[in-house]
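This report walks through selected features of one protein chain. Sequence and structure come next.

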Amino acid sequence: MRVIDLTMRITPSIRVFPGSPKPSFIPWSRFDYHGYDAEAMFMSTHTGTHVDAPSHFAPGLASIDRIPASRLVCNALLVRAPKRANELIEPADLVNRQIRKGDAVVIATGWEKRAAKSNYMTENPGLSGQAAIYLAGKKINAVGIDGPSIDAGSDVKFAAHNILLPRNVLAVENLCNVRKITMNRFTLVLSPLKLGSATGSPARVLAII
Ligand SMILES: [Zn+2]
């Protein structure tokens, strides 16, 4: 068994979605005064590698704390679909991939290489509406992507979020290291924090091959 960490490191300089706050870790206790070190943190629940709950785009549906633990460890399928800036992932990229009900479909576009670049958050590739409809029809558990959003940077209407989250498909965004996944099928572990009523959470995301 090999474990591959698909998680970005969260630092104050990490790129964040336009309009979102940069994360900060605020020193809270001091070892020399309290006898222990600790910090408080301030960040969007959609910072770094994170899981979107259905309630992110469908108020009234499950928030992140309501996702059953049984959905957080699942069979996963890697789909390699190299894409350029703002290029769409289409149904043609997904057919003949043997997607099974309950899978997490992890899409490797190659965009993670640009995680430090200024256009990482704004010109990323993403799913077309038709591709999102195709995935929803497969009754998958989750869709993951090596970019900041399952929607392309140019899609101001968030087509894929609006199709998949109301249909109870989780989105896993800002994955990294997907090029290290050497198998088409693997086990995906998602570990969002159990934040009461929140629409998402940073998560440690692991591939087990
Ligand atoms: Zn999100």
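## Salt bridges and strand order

Arginine 179 is exposed, with a relative accessible area of 58%. The model is predicted. The side chain of arginine 179 meets that of glutamate 112 in a salt bridge, 3.1 Å from N to O. Glutamate 112 sits in the loop between β7 and β8 (126–127), and arginine 179 in the loop between β10 and β11 (185–192), so the pair ties together parts that are 67 residues apart in sequence. Glutamate 112 is buried, at a relative accessible area of 13%.

The structure holds 5 salt bridges. The table lists three of them.

| Arginine 204 | Aspartate 5 | 2.6 Å |

Arginine 204 forms a salt bridge with aspartate 5. This pair links distant parts of the chain: arginine 204 belongs to strand β12 (residues 200–208) and aspartate 5 to strand β1 (residues 3–5), 199 residues apart. Aspartate 5 is partly exposed, with a relative accessible area of 23%. In another pair, arginine 30 is partly exposed at 49% relative accessibility.

Now the strands. Strand β9 (residues 142–145) is covered on both faces. Ala142 and Gly144 are buried on one side, Val143 and Ile145 on the other. Strand β7 (residues 104–108) pairs with β9 in the parallel sense over 4 bridges. There, isoleucine 107 stands opposite isoleucine 145. β9 is also joined to strand β10 (residues 170–173), again parallel, by 3 bridges. Glycine 144 stands opposite valine 172 in β10. From β9 the chain crosses through helix α3 (residues 159–164) to β10, and this β-α-β crossover is right-handed.

Which residues of helix α2 (residues 129–137) are buried? They are Ala131, Ala132, Leu135 and Ala136. These residues cover an arc of only 140 degrees around the axis, which puts them on the same side of α2. The face turned away from that buried side carries the exposed residues Gln130 and Gly137.

Two surface features remain. Phe25, Met41 and Leu193 make a nonpolar surface patch of about 290 Å². Phenylalanine 25 lies in strand β2 (residues 24–29) and is partly exposed at 36% relative accessibility. Proline 59 lies in the loop between β4 (50–52) and β5 (73–80) and is exposed, at 76%. The C-alpha atoms of proline 59 and threonine 199 are separated by 9.0 Å, though these residues are 140 residues apart along the chain.

Note on methods:
Residues are numbered from 1 along each chain as its sequence is written. This is a predicted model: local features need pLDDT of at least 70, side-chain atom pairs count only at pLDDT 80 or more; totals for chains, interfaces and linings use all residues. Side-chain values use heavy atoms; hydrogens and water are left out. Patches are made of residues with over 30% relative accessible area and no salt bridge: like charges are joined within 9 Å, nonpolar side chains (Val, Leu, Ile, Met, Phe, Trp, Tyr) within 5 Å. Accessible areas come from the Shrake-Rupley method with a 1.4 Å probe; for residues, only the protein chains shown count as cover. A salt bridge is a side-chain nitrogen of Lys or Arg within 4 Å of a carboxyl oxygen of Asp or Glu. Helices (H or I, at least four residues) and strands (E, at least two) are DSSP runs, numbered from the N terminus. Buried means under 20% relative accessible area, exposed over 50%, partly exposed in between (1.4 Å probe, protein chains only). Two strands pair if DSSP finds at least two bridges between them. A crossover is right-handed if, with the strands pointing away from the viewer, the path from the first strand over the helix to the second runs clockwise. The arc is that of the directions from the helix axis to the C-beta atoms.
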